[in-house]
Amino acid sequence: MTHIAIADQTAHLHHPKTFIGKYIWSQDHKVIAIQYSVTAIFVGLIALLLSVLMRLQLGFPGEFNFISPDAYLQFVTMHGMIMVIYLLTALLLGGFGNYLIPLMVGTRDMVFPYLNMLSYWFYLVSVIVLVSSFFVVGGPTGAGWTLYPPQAILAGTPGAGSGIVLMLLSLAIFIVAFTMGGLNYVTTIFQARTRGMTLMRMPLTIWGILTATILGLLAFPALLVSAIMMLFDALLGTSFFMPAIVSLGEPLNHEGGSPILFQHLFWFFGHPEVYIVALPAFGMVSDVLSVHARKNIFGYRMMVWAIVVIGGLSFIVWAHHMYVSGMNPYFGFFFATTTLIIAVPTAIKVYNWVLTLWRGNIHLTVPMLFAIGFIFTFTHGGLSGLFLGNVVVDLPLSDTFFVVAHFHMVMGVSPIMVLFAALYHWFPLVSGKQLHTGLGKLHFWGTFLGTYAIYLPMHYLGFLGVPRRYYALGDTSFIPESAHVLNEDITIAAILVALFQLVFVVNVIWTLRSGPRSVRNPWGVASLEWHTPDVPPAHGNWGDELPTVHRWAYDYSVPGAKQDFIPQHVAEEDVEYEAGGRRVGEGE
Amino acid sequence: MSWFGILSEKPWIPEAQGTTAEWGRTAYTPAVKISLRFLLGVISVFFLLFFVTFISRSQYDDFLALAGEPWQPFTNSMRLWINTGVLVLASVAMQCAVYALRCNHGVRLLLSLAVGAVLAALFIVLQISVWQFLAGMGYSVAGNPANSYFYILTGLHALHLLGGLFALGRVVNNMRFEGNLQNRHAAIEACAVYWHYLLGLWLVLFFMLTRTPETYALIAAACGLG
């Protein structure tokens, strides 16, 4: 019996014959990736709108009658949850993961295309369930994105009836969707790589996605466990997390439950979630920087090791989110130490990005601008994380705007900078057209400067002690008038940043409708995804024969080579060198 | 090559001219094998987290264990032993299916798969009867955290078994179309491994849910949760 390598098995490809088979119930990883991306961006725009509404209330309290205290808390909650789970996780792994994995490792599709299709439809159902909570009596939950019990399910909290139930159901469905997708990603990467594509020849994008997926597979169960237990508490009256409590003057039937247990479960998921978002972003930004600096990535091996080490450490830092929960000081000391240790591999990555740029032939294209912008925002967000990782600094700053500023810089703005870098970078591959450069630069500068205008002053508000989650500050003696003025300024900056995102939407629509066709491989990229027979890649990706890989993905500006990049599938004997030119190290 | 060896490779060193590029070590291994490993890992983490919360919750004063005193439902756990026997037989039937597959014995294969599926379904029905028995004795879901955990954990275990039955149905249905013999074998073997895993998981659940307060205190102390 002749065995066919997993990468080259075509039996499961299901060539679609109808419009519905091709674009709706598609099993093609590229179509599924686009479905994921469009859904995630749509729901992300809802979250963006919610943040603007929230900022209107903070900047101009009392001016907008339709924003009640309940509505404000609901906007905050839904904005946070949508952005973290339904936009960032879904777009980075469901969108980019789906599109790039088979193309970058050189296979024809995911190993389980049917499961992949199911993954998207489950995700869509989770989004529909989530959005439907806006239309039920009481509205969506306003418990904050962390959904802490007991308040999340107690009367008096917005959405404590149907809203929280729909949120928990939606999360459970999302986790099922993620597990189906995640199993596909890891299996495809481990078993369906093409000939010559060793693990250490994979682009860092794939390393980031692989590690993040494994983190997700191991961390999301914690959220699922807590969601199931809280659903039981809310619907069946159990007491997993609910202590004995008197609500609105009436003793409830719960007793003995532990709200702190929920916090442990939530953050056992919640902290790895930061890296589920960050690691694919780390990988993609490494590739974008290398391509647009026309230079190999600095310290490839160290970058891989750092991704793996960060992934491992991310499971033993969760309680740094709980310093104010009254934990044992030794416990806090342990988690502060692990938190500071995780800064080491992270710093290695930042140094390597900067050293990749050092003496590179930097092309300030739109993707490169976003990638460089990421280095700034991530460094700032990471440094304020070092402050908050220490118990003594965290205690006074906890629940202030300093925390809001920190996590928005590190896991809001930074991954979104990478997402835009990636969208501009891979758009010509996906659509065959190149986004307008002028509009792209306008979008970058508006977003980059605008987000700094939002979040830098927010750190200062935090130092003043301005609390987060408050509907209105009122007359408080320790908050000076200047803080209110600063809040107005931040709101104006937030509105401007939101408007600048419309520039991107307009750019995409205009380019798809009437933009010029892109040249093949416009950035001169060496990794496999740009070297398919058709651009955009056709169903099955590689035509009759899979590519064979002969080198890593970072052969840029190789000394002596005629072209400034050597694609991964070009063998050494086929590389054209200048007369007398030779590789560094050759013959030494 | 070990993981250390893989992660120590230096991919920037150019390949010597004329080198033939090789497939990876697992390029011919059916994908279902590795995905099953990951899936079992995910399910293990899922239940492990439940166990941690269970042991932690068992140390609160209001927790009334389901065994220990004569009037408690699982001091005599015969019902659960019968269910365990059914699941063991289901697992044996699935293993017989694997042997039948290796001997290329089609009828015996289908028969074994059918027996494995029916016994798994029977196990779920018997578990529901245990729920009815508990409810009849007044042990409701919300009555006590020990009851809540019993219902939730056995329910989730049954759901995983139902998922396995669905997957087995798809595997049997796809056997007609799957031309690659290796993939067909791998799918059946994966179903058998999944059945064995769920049997193992049930044994752990059985152990955990029917202990006395003293045993819980011991486990909690050993885990640092006491």
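How many helices and strands does chain B have? In this predicted model, local features require pLDDT of at least 70 and side-chain atom pairs count only at pLDDT 80 or more, whereas totals for chains, interfaces and linings use all residues. Residues are numbered from 1 along each chain as its sequence is written, and chains are lettered from A and ligands numbered from 1 in the order in which they are written.

Chain B has seven helices and zero strands, where helices (H or I, at least four residues) and strands (E, at least two) are DSSP runs numbered from the N terminus. The radius of gyration of chain B is 23 Å, well over the 17 Å given by the globule rule for 226 residues, so chain B is more spread out than a compact globule. This radius is taken over C-alpha atoms, and the globule rule is 2.2 Å times the number of residues to the power 0.38. Along the principal axes, the C-alpha atoms of chain B fill a box of roughly 75 × 50 × 25 Å. Buried residues make up 33% of the 226 residues of chain B; a residue is buried if 20 or more other C-beta atoms, placed from the backbone, lie within 10 Å of its own.

Chain A comprises 14 helices and two strands. Its radius of gyration is 24 Å, close to the 25 Å that the globule rule gives for 588 residues, so chain A is as compact as a globular protein of that length. The C-alpha trace of chain A spans about 85 × 55 × 55 Å along its principal axes, and 55% of its 588 residues count as buried.

The largest nonpolar core has 246 residues, such a core being a set of buried Ala, Val, Leu, Ile, Met, Phe, Trp, Tyr and Cys residues joined through C-beta atoms within 7 Å. Helix α3 of chain A (residues 69-105) supplies the largest share of this core, 25 residues. The residues with the most contacts inside the core are A:Leu91, A:Val285, A:Phe370 and A:Ala421. Leaving aside residues up to four places away in sequence, A:Ala421 touches A:Val285, A:Val288, A:Pro367, A:Phe370, A:Ala371 and A:Phe374; contact means that C-beta atoms, placed from the backbone, lie within 7 Å.

Within chain B, the axes of α5(B) and α6(B) come within 10 Å and cross at roughly 170 degrees. Axes are lines fitted to C-alpha atoms, for helices over the stretch in contact, with angles running from 0 to 180 degrees between N-to-C directions. The crossing makes α5(B) roughly antiparallel to α6(B), a term for angles over 145 degrees, while those under 35 count as roughly parallel. Residues of this contact include B:Tyr149 and B:Phe150 of α5(B) and B:Trp195 and B:Trp202 of α6(B). The axes of α2(B) and α6(B) come within 11 Å and cross at roughly 10 degrees, which makes α2(B) roughly parallel to α6(B). Among the residues meeting here are B:Phe47, B:Phe51 and B:Phe54 in α2(B) and B:Tyr194 and B:Tyr197 in α6(B).

Between the chains, 41 residues of chain B are in contact with 51 residues of chain A. On the side of chain B that touches chain A, α1 (3-7), α2 (31-58), α5 (145-174) and α6 (181-209) of chain B each supply at least two residues. The largest share, 13 residues, comes from α2(B). By class, this side of chain B divides into 24 nonpolar, twelve polar and five charged residues; Ala, Val, Leu, Ile, Met, Phe, Trp, Tyr, Cys and Pro count as nonpolar, Asp, Glu, Lys and Arg as charged, and the others, Gly among them, as polar.

Definitions and conventions. Contact = placed C-beta atoms within 7 Å. Buried ≥ 20, exposed ≤ 12 C-beta atoms within 10 Å, placed from the backbone. Parallel < 35°, antiparallel > 145°, perpendicular 65-115°, else oblique.
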